[in-house]
Amino acid sequence: MPVNPELQGRDFAPAAPYLVGREKVREFARAVFATNPINLDVEAARAAGHSDVVAPPTFAVVVQEHTLAQLLAEPDAGIDFSRVVHGDQRFTSSRPIVAGDELTAKLTVSSVKTLGAHSMVTAESVITDAAGAHVVTAISTLVVRGDD
């Protein structure tokens with residue numbers, strides 16, 4: 001089944017709030033080889049003006065993943081996850097993610113394109129804090145391989 005072109009423009013309900021944990025930030029920082037002390041040490045982060053450790057910019061994918069799961073589970077999407085390759089990832093941030101943030105993400109499918117047997121689905125996850133202020137927008141392009 002090909003990707004449903006009617007996904008374009010579809011908005012999904014906000015994902016459940018995600019509480020950013022200090023150890024999750026540290027684990028992620030180590031996994032991506034982030035060496036800035038503000039990513040690992042509370043005192044270094046506070047000395048730099050933050051309330052707690054600061055997540056590396058790509059940490060937003062952890063929160064975005066919950067919205068992408070909604071898209072992949074959509075019954076009429078036509079997206080076979082076994083055929084998905086991650087094509088592109090971008091972030092637009094208003095401020096850093098910090099341990100203690102409670103973040104909510106909401107996904108919109110901004111584009112569905114067909115390229116031969118393949119499809120490209122671009123999804124934007126707008127991530128806000130508990131006060132509703134924008135923190136980061138994570139934009140992913142998924143390439144769905146067509147039949148071999």
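A residue is called buried when its relative accessible area is under 20%, exposed when that area is over 50%, and partly exposed in between, with a 1.4 Å probe and protein chains only. Phe33 has a relative accessible area of 71% and therefore counts as exposed. Its place is in the loop between α1 and α2, and its phi is near 60°, a positive value in a residue other than glycine.

The structure is a predicted model, in which local features need pLDDT of at least 70 and side-chain atom pairs count only at pLDDT 80 or more, while totals for chains, interfaces and linings use all residues. Residues are numbered from 1 along each chain as its sequence is written, and side-chain values use heavy atoms, with hydrogens and water left out.

The overall architecture comes next. The protein contains 3 helices and 5 strands; helices (H or I, at least four residues) and strands (E, at least two) are DSSP runs, numbered from the N terminus. Read from that end, the elements follow the order β-α-α-α-β-β-β-β. Along the principal axes, the C-alpha atoms fill a box of roughly 55 × 30 × 20 Å. Of contacts (heavy atoms within 4.5 Å) with a separation of 6 or more, 69% join residues 24 or more positions apart.

The surface and the interior can be described in turn. The accessible surface comes to about 7800 Å², and carbon and sulfur atoms hold 57% of it; such areas come from the Shrake-Rupley method with a 1.4 Å probe, and for residues only the protein chains shown count as cover. Buried residues make up 42% of the 148 residues.

In soluble globular proteins, nonpolar side chains tend to be buried together. A nonpolar core is a set of buried Ala, Val, Leu, Ile, Met, Phe, Trp, Tyr and Cys residues joined through side-chain atoms within 4.5 Å. The largest such core here has 17 residues, and those with the most contacts inside it are Val20, Val25, Phe59, Ile97, Leu103 and Ile127. Two or more residues of this core come from each of α1, α3, β3 and β5 (134-144). A second, separate core has 15 residues, among them Ile79, Val84, Val109 and Val144.

Phe59 also belongs to an aromatic arrangement. Rings of Phe, Tyr and Trp (its six-membered ring) pair if their centres lie within 6.5 Å; planes under 30 degrees apart count as stacked, over 60 as edge-to-face and the rest as tilted. The whole structure holds 2 aromatic pairs. One of them is the edge-to-face pair of Phe28 and Phe59, with 5.3 Å centre to centre and 85° between the planes. This pair links distant parts of the chain, 31 residues apart: Phe28 is in helix α1 (residues 22-31), whereas Phe59 is in the loop between α2 (42-47) and α3 (60-73). Both Phe28 and Phe59 are buried, and together with Tyr18 they form one aromatic cluster. Leaving aside residues up to four places away in sequence, Phe59 touches Tyr18, Val20, Lys24, Val25, Phe28 and Ile97.

Beyond residues up to four places away in sequence, Ser110 touches Gln8, Thr122, Ala123 and Glu124.
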